Amino acid sequence: MRRVVAVLVVLGVLALALPGPAYAAPVADDRVVFGGDFVLEPGEVLSGDLVLFGGNATLEAGSRVNGDVFLMGGNADIAGEVTGDVALLGGNVELLPTAYVHGDAVAI
């Protein structure tokens with residue numbers, strides 16, 4: 001009888017220790033690019049932030065970033081939509097006539 005109780009206790013502890021299903025919120029599709037260029041084509045949607053270090057970003061007309069755009073040491077040509085902010089450090093940003101930025105656009 002002691003043996004059965006011991007086995008049940010061990011099985012119970014193992015059952016509590018095993019990971020169960022995770023019910024977390026969906027993870028955004030953030031993009032981080034080091035030393036390369038990024039182009040978001042017409043009709044494409046990036047569901048997250050776009051971060052570039054030492055590269056250029058082109059958001060073509062009809063594209064959309066559901067998040068922020070941050071570039072360090074690169075240039076951005078924006079003709080699409082950005083639902084967040086656009087920030088550049090050490091680069092230039094060109095907002096084309098079809099560009100729509102819901103937040104702030106800052107280039108330093």
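Leaving aside neighbours within four places in sequence, which residues is Leu52 in contact with? They are Val33, Gly36, Phe38, Ala57, Phe70, Leu71 and Met72. Contact here means heavy atoms within 4.5 Å.

Before going on, some ground rules. This is a predicted model, where local features need pLDDT of at least 70, side-chain atom pairs count only at pLDDT 80 or more, and totals for chains, interfaces and linings use all residues. Residues are numbered from 1 along each chain as its sequence is written, and side-chain values use heavy atoms, with hydrogens and water left out.

Back to Leu52. You'll find Leu52 in strand 4. Helices (H or I, at least four residues) and strands (E, at least two) are DSSP runs, numbered from the N terminus. Leu52 is buried, because its relative accessible area is 0%. Buried means under 20% relative accessible area, exposed over 50%, and partly exposed in between, with a 1.4 Å probe and protein chains only. Leu52 and Phe70 sit 18 residues apart in sequence, yet 6.4 Å apart in space, C-alpha to C-alpha.

Next, the core. A nonpolar core is a set of buried Ala, Val, Leu, Ile, Met, Phe, Trp, Tyr and Cys residues joined through side-chain atoms within 4.5 Å. The largest one has 17 residues. Leu50, Leu59, Val69 and Val82 touch the most other members. Strands 2, 4, 5, 7, 8 and 10 each give two or more residues to this core. Beyond its close sequence neighbours within four places, Leu50 is in contact with residues including Arg31, Phe38 and Val69.

Four strands form an open sheet, in the order 3-6-9-12, with parallel pairing. Strands 3 and 12 are the edges, each pairing on one side only. Two strands pair if DSSP finds at least two bridges between them. Strands 9 and 12 run parallel, joined by two bridges. Glu81 in strand 9 has Tyr100 as its bridge partner in strand 12.

Stay with Glu81. Its side chain makes a polar contact of 2.6 Å with that of His102. That term means a pair of N or O atoms within 3.5 Å; within protein, one must be able to donate a hydrogen and the other to accept it, and residues adjacent in sequence count only if both atoms are side-chain atoms.

How many salt bridges does the structure hold? Two. The term needs a side-chain nitrogen of Lys or Arg within 4 Å of a carboxyl oxygen of Asp or Glu. Arg64 and Glu81 meet in one, at 3.5 Å, N to O. That pair links distant parts of the chain, strand 6 and strand 9, 17 residues apart. Arg31 and Asp29 also meet in a salt bridge, at 3.4 Å, N to O.
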